Amino acid sequence: MAPSLLRPASPCLHLASPTADDPGRSRSAVTIGGSRPLSVSLRVGGSSRREFPCTTMASRDHSGLTRQLLDFQHGTLDEIDGEHDPFKELKARFMDFKQRNCVDNTSNYQNLAQQQTPKFMVVACADSRVCPSSVLGFQPGEAFTVRNIANLVPPYQHGASETSAALEFAVNTLEVENVLVVGHSRCGGIQALMSMKSKQDDSQSRSFIRDWVSIAKSARLSTEAAAGNLNFELQCRHCEKESINSSLLNLLTYPWIEKRVNEGTLSLHGGYYNFIDCTFEKWTLVYRQGLEGGSKYAIKNRSTWS
């Protein structure tokens, strides 16, 4: 299991003093920047009832923050809070990146500054261990990438999301030739999905992660049918690949993706990175009517890199 993925967010509220009209109840206003205050009630004096709403109004103070950035003078000394600067190493890495990609390769960098023409659209997990640029060696301009929990592609009917927006831009505007969905071993999002064993579990307290991974519920059900006799870890491993194929089929629910696949101008691929033994599996989805066995789907060009 991945209990940390399912843990609800704890409220972070600053409470003011009790009001005079109700000594048994303290009321406070929660504000962020110039947002409208929210009333928060906390009953004290023997009552165990507590109300901790965790919602604040969106603030428009971001414009003020942006003005501060615009007023910043380049070349001034860096301001560092405390003795440890977590960005020191990142700065050194950036300067190395700049030397290799900009200074040593000026013409290519200038071309990228004008336009991007990636061949790949990559859907990968947000897990810090599985960056597709590091694992597959993508260079700037080679892959338009979106990352989310459990590398899921929602169906077209799901509506707007950062993943569907990225797909729309990559396929319709950039006209990528390949969409690659990359899953990986020991995925916490898949562990969260596989932990949802009943409708009661599915309807517990609100969780963004629970709502998101529910997109792959069909992969969980298929896994339980095919590998339900295995231990939890092996079921998760099965579901990690099952969910990739589920996402590949979900891609075909987007009309402009299905159209390009049928025309032969777009290919859909699955990938699985096992960081336990550092291997990578790759396969391509075949989609057309009248395949053997009456199915519209098949797998081809499967290979393992080890």
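Helix α10, residues 217–227, packs against helix α11, residues 232–251, with the two axes 9 Å apart and at an angle of about 135°. Keep in mind throughout that this is a predicted model. At that angle, α10 and α11 are oblique to each other. Their crossing is right-handed.

Which residues make up this contact between α10 and α11? On the α10 side they are S218, A219, R220, S222, T223, A226 and A227. Facing them from α11 are Q235, H238, C239, E242, S243 and S246. By class, the contact of α10 with α11 splits into seven polar, four nonpolar and two charged residues.

The crossing of α6 and α12 is left-handed. From α6, the residues S164, L167, E168, V171 and N172 take part, and they meet W256, I257 and R260 of α12. The classes in the contact of α6 with α12 are four nonpolar, two polar and two charged.

Stepping back to the chain as a whole. The protein chain has twelve helices and eight strands. It runs to 306 residues, and 34% of them count as buried. Taking contacts between residues at least 6 apart in sequence, 58% join residues at least 24 apart.

Now the cysteines. How many disulfides does a search of the whole structure find? The count is zero. Take C125: the closest cysteine sulfur belongs to C187 and lies 4.2 Å away, so the two are too far apart for a bond. The cut-off used for a disulfide is 2.5 Å between the sulfurs. As for burial, C125 has a relative accessible area of 5%, which means it is buried. C278, on the other hand, is exposed, with 54% relative accessibility.

C125 comes up again in the surroundings of N151. N151 sits in the loop between β4, residues 143–148, and α6, residues 162–173. Is N151 buried or exposed? With a relative accessible area of 2%, N151 is buried. Setting aside neighbours within four places in sequence, N151 contacts V123, A124 and C125, then V181, V182, G183 and H184, and also I244 and S247.

S303 belongs to strand β8, which spans residues 297–305. Its relative accessibility is 26%, so S303 counts as partly exposed. Beyond its neighbours within four places in sequence, S303 is in contact with F280, E281 and K282. G271 is 32 residues from S303 along the chain, and the C-alpha atoms of the two are separated by 9.7 Å.

The other serine, S133, is in helix α5, residues 132–136. S133 has a relative accessible area of 36%, and is therefore partly exposed. Between S133 and V122 there are eleven residues' separation in sequence and 9.8 Å in space, C-alpha to C-alpha.

To recap the two helix pairs: α10 and α11 cross right-handed, while α6 and α12 cross left-handed. And for the cysteines, the search found zero disulfides. That is where I will stop.

Conventions. Residues numbered from 1 in each chain as written. Predicted model: local features only at pLDDT ≥ 70, side-chain atom pairs only at ≥ 80, totals over all residues. Heavy atoms only, no water. Buried < 20%, exposed > 50% of the residue type's maximum accessible area, 1.4 Å probe, protein only. Axes fitted to C-alpha atoms, helices over the stretch in contact; angles between N-to-C directions. Helix = DSSP H or I, 4+ residues; strand = E, 2+ residues; numbered from the N terminus. Parallel < 35°, antiparallel > 145°, perpendicular 65-115°, else oblique. Left-handed = near helix turned anticlockwise from the far one by under 90°. Contact = heavy atoms within 4.5 Å. Nonpolar A, V, L, I, M, F, W, Y, C, P; charged D, E, K, R; others polar.
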